[in-house]
Amino acid sequence: MPQPTAKIPTLGAIDCDVHVSVPSVGALMPYLDDYWADQFRMRGIDRLDFSLTAYPPNAPLSGRPDWRPKQGAPGTDREMLSQHLDRFGLRAAIAQCLHGSMALHTEDMAAAFCRAINDWMRAEWLDKEPRLFGAITVPMQSPELAAEEIERCAADKRFVQVLLPATTDMPLGRRWYWPIYKAAERHGLPIGIHAGGLFRHAPTATGWPSFIIEDYAAQSQLFDSQLLSLITEGVFTKFPDLKVVLLESGITWLPPFMWRTNKIWRGLRPDVPWVTQAPPDIVRDRVRLTLQPFDAPEDLVKVRATLDHIGGDGMLLFSTDFPHWHFDGDDALPFGLPPEILPGLLSGNALATYPRLAAALQETVA
Ligand code: ZN
């Protein structure tokens, strides 16, 4: 495997968060069965956009200027993504597809969309760019159908993660969602929880905000709530091999979360006797976070202290969040990262987190 060099610091890295976007519902039509293709045409859905409104295509965060294709929304140009992999010397990348169908209220149509999106990703991206791996898009509206979709896609080893949004109908630890975790654990698929969501609830605890900046800044509250729910409801106890990756969550909210949750857990352990491990230990063992957007100060001492608080060198997974705009030029590695964490950050931690990805890359080497 190529080692990072001064010339390309990220050479050989695994990018755990890149985005591909469905250009229009029309692009999914070949991947729908006859019933749903008829329904989409009859209802005019085939002419709709269905992009997720948390990422309005023209907002600055949604696309770095040099990562915007001449035509179409950010994330729709495969050649541009391949150039991105070349430029950063990336060995592999995991693609997430955030799509408006996540927010539908009909579970059957959502499931039809997800099947089409996963097959579209396989045919239009994974078959054409061998460095690319995929996250399985699932209909959160029905965990039973979501588990079926995981089972269907798991046969393709290029799917290495299950993608869930940070806002859902109810807290992610609830038993309602456990069929998803059971299927994911069975196939060695981490659960990737990405910023954004279903819009069933406001992203702030006090109601709906007015501006994108509020929605974006409030996402860390959502990750805080979802992680607390997963811990206290016993998901990590029930599914001992399940891993969770927080995608685009930032990291600086985590030290106070871990300290506070641990303190309260020690006082209220009889409330949740199934939580047999201290919450910070659960986080360190089972939870990982992607790098971008990096929200720590550009200060080596402070970054090192933050990493020490959350669990050290193994917690972070390299990501660029292509095509979203969090840094300029080639500065994918924020200033202030301790140099000793780079080997794990760039690839070792991802290989340990994603067993299917590690096996696939091993096969390509053999
Ligand atoms: Zn992302």
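Predicted model: local features only at pLDDT ≥ 70, side-chain atom pairs only at ≥ 80, totals over all residues.
**Zinc site**

Five residues coordinate the zinc ion at 2.1 Å: Asp 17 and Asp 321 through OD, His 19 and His 194 through NE2, and Glu 248 through OE. Along the chain, these donors follow the spacing D-x1-H-x174-H-x53-E-x72-D. Within this set, the pair His 194 and Glu 248 links distant parts of the chain, the two residues being 54 residues apart. His 194 belongs to strand β5 (residues 191-197), whereas Glu 248 lies in the loop between β6 (244-247) and α9 (254-268). His 194 has a relative accessibility of 0% and therefore counts as buried. Glu 248 also counts as buried, because its relative accessibility is 4%, and the cut-off for this class is under 20%.

**Helix pairs**

| Helix pair | Axis separation | Angle | Handedness of crossing |
|---|---|---|---|
| α1 and α3 | within 11 Å | roughly 110° | left-handed |
| α4 and α5 | 8 Å | about 15° | right-handed |

Helix α1 covers residues 34-43 and helix α3 covers residues 107-126. With axes that cross at roughly 110°, α1 and α3 are therefore roughly perpendicular to each other. On the α1 side, the contact involves Trp 36, Phe 40 and Arg 43, which meet Asp 108, Met 109, Ala 112, Phe 113 and Arg 115 of α3. Sorted by class, the residues of this contact between α1 and α3 are five nonpolar, no polar and three charged.

The axes of α4 and α5 pack at an angle of about 15°, so α4 is roughly parallel to α5. From α4, the contact is made by Pro 143, Ala 146, Ala 147, Ile 150 and Glu 151; from α5, by Pro 179, Ile 180, Ala 183, Ala 184 and Arg 186. The contact of α4 with α5 comprises eight nonpolar, no polar and two charged residues.

**Surroundings of helix α5**

Helix α5 spans residues 178-186, and its buried residues are Trp 178, Ile 180, Tyr 181, Ala 183 and Ala 184. These buried residues of α5 pack against α4 (143-154), β4 (159-167), β5, α7 (219-232) and α8 (235-238). Strand β5, one of these partners, is also the strand that holds the zinc donor His 194. Just after α5, Gly 188 adopts a positive phi of about 70°.

**Buried loop residues**

Val 138 is located in the loop between β3 (132-137) and α4. Its relative accessibility is 4%, and Val 138 therefore counts as buried. Apart from neighbours within four places in sequence, Val 138 is in contact with Cys 114, Ala 146, Ile 150, Val 162, Leu 163 and Leu 164. Among these residues, Ala 146 and Ile 150 also take part in the contact of α4 with α5. Val 138 and Ile 212 are 74 residues apart in sequence, and their C-alpha atoms are 25 Å apart in space.

Phe 88 occupies the loop between α2 (78-87) and β2 (92-96). Phe 88 is buried because its relative accessible area is 2%. With neighbours within four places in sequence left aside, Phe 88 is in contact with Ile 8, Thr 10, Leu 11, Trp 67, Phe 327, Gly 329, Asp 330 and Ala 332. Between the C-alpha atoms of Phe 88 and Leu 247, the separation is 20 Å, and these residues are 159 residues apart along the chain.

Key. Residues numbered from 1 in each chain as written. Heavy atoms only, no water. Donors = N, O, S within 2.8 Å, 3.2 Å for Na, K, Ca; no water. Helix = DSSP H or I, 4+ residues; strand = E, 2+ residues; numbered from the N terminus. Buried < 20%, exposed > 50% of the residue type's maximum accessible area, 1.4 Å probe, protein only. Axes fitted to C-alpha atoms, helices over the stretch in contact; angles between N-to-C directions. Parallel < 35°, antiparallel > 145°, perpendicular 65-115°, else oblique. Left-handed = near helix turned anticlockwise from the far one by under 90°. Contact = heavy atoms within 4.5 Å. Nonpolar A, V, L, I, M, F, W, Y, C, P; charged D, E, K, R; others polar.
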